[in-house]
Amino acid sequence: MTAAAPAAAPAVPAAGPLALGDLHASLADPLLDAMTFLNEVTTRYPGAVSFAPGRPYEGFFEPEDVHDHLDAYLEHLAARGLDRDAARTTLFQYGPTKGVIADLVARTLANDEGLTVAPESLVLTVGAQEGMLLTLRALCAGPDDVLLVSSPCYVGVTGAARLLDLTTVPVPEGPDGGPDPRAVRAAARAVRAEGRRPRALYVVPDFANPSGTSMPVAARTGLLDTAAEEGLLVIEDNPYGFFARDPGERPTLKALDRRRQVVYLGSFAKTCFPGARLGYVVADQEVAGPGGRRSLLADELAKLKSMTTVNTPALSQAVIGGMLLRHDCRLRAANAPATAYYAANMAALLAALEAQFPAAERERLGLSWNEPEGGFFAVLTVPFPADEAAMERCAREYGVLWTPMAPFYPAGGGERRLRLSVSSLTGGQIRAGVADLARFIRAEAGAGAGAGAGARAPAAR
């Protein structure tokens, strides 16, 4: 008797595309496209003068310096009594979650910022962006916790909050820069009146990205007092603090902090080099646990880090650690040439704008700009929508790139504002770029005036 043939297996349908609606809702948020778009459009127009990226000037970097910094750190390990096997373990193994150069970073903060912090209150992170994610995840315990952010605001923190499903409430910048303390108080009380908890305030006090504004010292102390009255922790992000056009005493919020209410985010991207992807968090707040257990917030952040990036690459830490050692843990002095360069670039930008747009023309066009005291960024208000389409037209037809400001406003706004960054250009590029940008602005303003007749002025380069 012949055995029956096995039944054919049912056909398996070919896998179709994943539905965006089945993925996390943040992936449909245009906010997450902002940085990707800028990186992509920059590569499409490599010959354009780019005022878009806030990256350091590459003329300060030399490949051979990496080896020199690494050698300095190996010498440091040997001076501490570590033999070759121990040094091998330090460089090539996973290492402590909180990092291996916390002592050097603490010494640098003391020298540069007058900030006394214990090494154990530090967590070395994969860039400041990881520090933001860890801090927000730790501080915000549930759906009723709300993060207040200055507006306009760096998209990295609002994007991180979006990934974590955290609600953000914008607080407008005051006339002197930074979030207005009265607006902070009003926002915190409005959140509380809705039955939610205003948990923390994110702020960049020095030459903020994107606005370029910086808070006076009196405003800093006032902000800390207001935050304390409202029960808010302050998340201070400080990538640009060294780059003042007129260096002077400008204490960080953390240096002014007497209540341990400030969680401080630092980065070596601008002061050393961004390719190391090294940042840190100073989280010296005490955390009370069950049974009377006490820990530092830094210890709790390390628990979260152990489940995300596990630890921060030891080789990156070694190279930055060696750079700190080579400069006696004094980055402010080491960055003096860069500070002078960026100050000259900002002065060149402001002078070029003034030369291209006399006061009478500015008034006629409704054109204005701020005058930052340092840092990388200035903001231009223009008489047309400064959106991605306009930016691409400017790049394609006039050879100039810039950054639309609208994505930096969490609750909307900034549609007729654009950000100009001077950090990665030369003075000559800035002057040439502003001249071409001026032609674009005049063409766009003329096109807007003739829009009722359906006309658009041609924009030939």
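Q: Hi! What volume does the largest pocket have?
A: Hello! The volume of the largest pocket is about 1,100 Å³. One thing to keep in mind is that this is a predicted model, where local features need pLDDT of at least 70 and side-chain atom pairs count only at pLDDT 80 or more, while totals for chains, interfaces and linings use all residues. Residues are numbered from 1 along each chain as its sequence is written, and side-chain values use heavy atoms, with hydrogens and water left out.

Q: Which residues that line the largest pocket are the closest to its centre?
A: They are Met35, Gly54, Arg55, Tyr154 and Lys270, out of 41 lining residues.

Q: And what are a pocket, a cavity and a lining residue here?
A: On a 1 Å grid over the protein atoms alone, a pocket is an open set of points with protein on both sides within 12 Å along at least five of seven lines. A cavity is a set of points where a 1.4 Å probe fits but cannot get out, and lining residues have an atom within 4 Å of a point. Grid points are joined across faces, edges and corners, and a volume is the space filled by probe spheres set on the points.

Q: Where does the largest share of the pocket's lining come from?
A: From α1, with six residues. Helices are DSSP runs of H or I with at least four residues, strands are runs of E with at least two, and both are numbered from the N terminus.

Q: How many nonpolar, polar and charged residues are in that pocket lining?
A: The pocket lining has 23 nonpolar, eleven polar and seven charged residues. Ala, Val, Leu, Ile, Met, Phe, Trp, Tyr, Cys and Pro count as nonpolar, Asp, Glu, Lys and Arg as charged, and the others, Gly among them, as polar.

Q: OK, new topic: how many cavities of 30 Å³ or more are there?
A: The structure holds two of them. The largest cavity has about 180 Å³ of space. Of its 17 lining residues, the closest to the centre are Glu113, Phe242, Ser267, Thr271 and Tyr280. Helix α4 (102-113) and strand β7 (262-267) each supply at least two lining residues, and the largest share, five residues, comes from α4.

Q: What about the second largest cavity, how much space lies in it?
A: About 60 Å³. Fourteen residues line the second largest cavity, and Ser150, Pro152, Glu173, Val204 and Ala208 are the closest to its centre. By class, this lining has nine nonpolar, four polar and one charged residues.

Q: Back to Glu113. Which residue does glutamate 113 meet in a salt bridge?
A: Arginine 332, with 3.4 Å from N to O. A salt bridge is a side-chain nitrogen of Lys or Arg within 4 Å of a carboxyl oxygen of Asp or Glu, and the structure holds 32 salt bridges.

Q: Why does that pair tie together parts that are apart in sequence?
A: Because glutamate 113 lies in helix α4 and arginine 332 in helix α12 (residues 331-334), the pair ties together parts that are 219 residues apart in sequence.

Q: Is glutamate 113 buried or exposed?
A: Glutamate 113 counts as buried, at 14% relative accessibility, whereas arginine 332 is partly exposed at 33%. Buried means under 20% relative accessible area, exposed over 50%, and partly exposed in between (1.4 Å probe, protein chains only).

Q: Which residue forms a salt bridge with lysine 305?
A: Glutamate 130, with the closest N and O atoms 2.9 Å apart. Lysine 305 is in helix α10 (residues 297-306) and glutamate 130 in helix α5, 175 residues apart. Both lysine 305 and glutamate 130 are buried.

Q: And aspartate 284, which residue does it form a salt bridge with?
A: That one is lysine 254, at 2.8 Å between the closest N and O atoms. Aspartate 284 sits in the loop between β8 (278-282) and β9 (286-288), and lysine 254 in helix α9 (residues 253-256), 30 residues apart. Aspartate 284 is buried at 12%, and lysine 254 is buried at 4%.

Q: Last one: which residues form a nonpolar patch on the surface?
A: Leu18, Leu20, Leu23 and Leu27, with about 410 Å² of accessible area together. Patches are made of residues with over 30% relative accessible area and no salt bridge, with like charges joined within 9 Å and nonpolar side chains (Val, Leu, Ile, Met, Phe, Trp, Tyr) within 5 Å. Accessible areas come from the Shrake-Rupley method with a 1.4 Å probe, and for residues only the protein chains shown count as cover. Leucine 23 is in the segment before α1 (34-44) and is partly exposed, at 37%.
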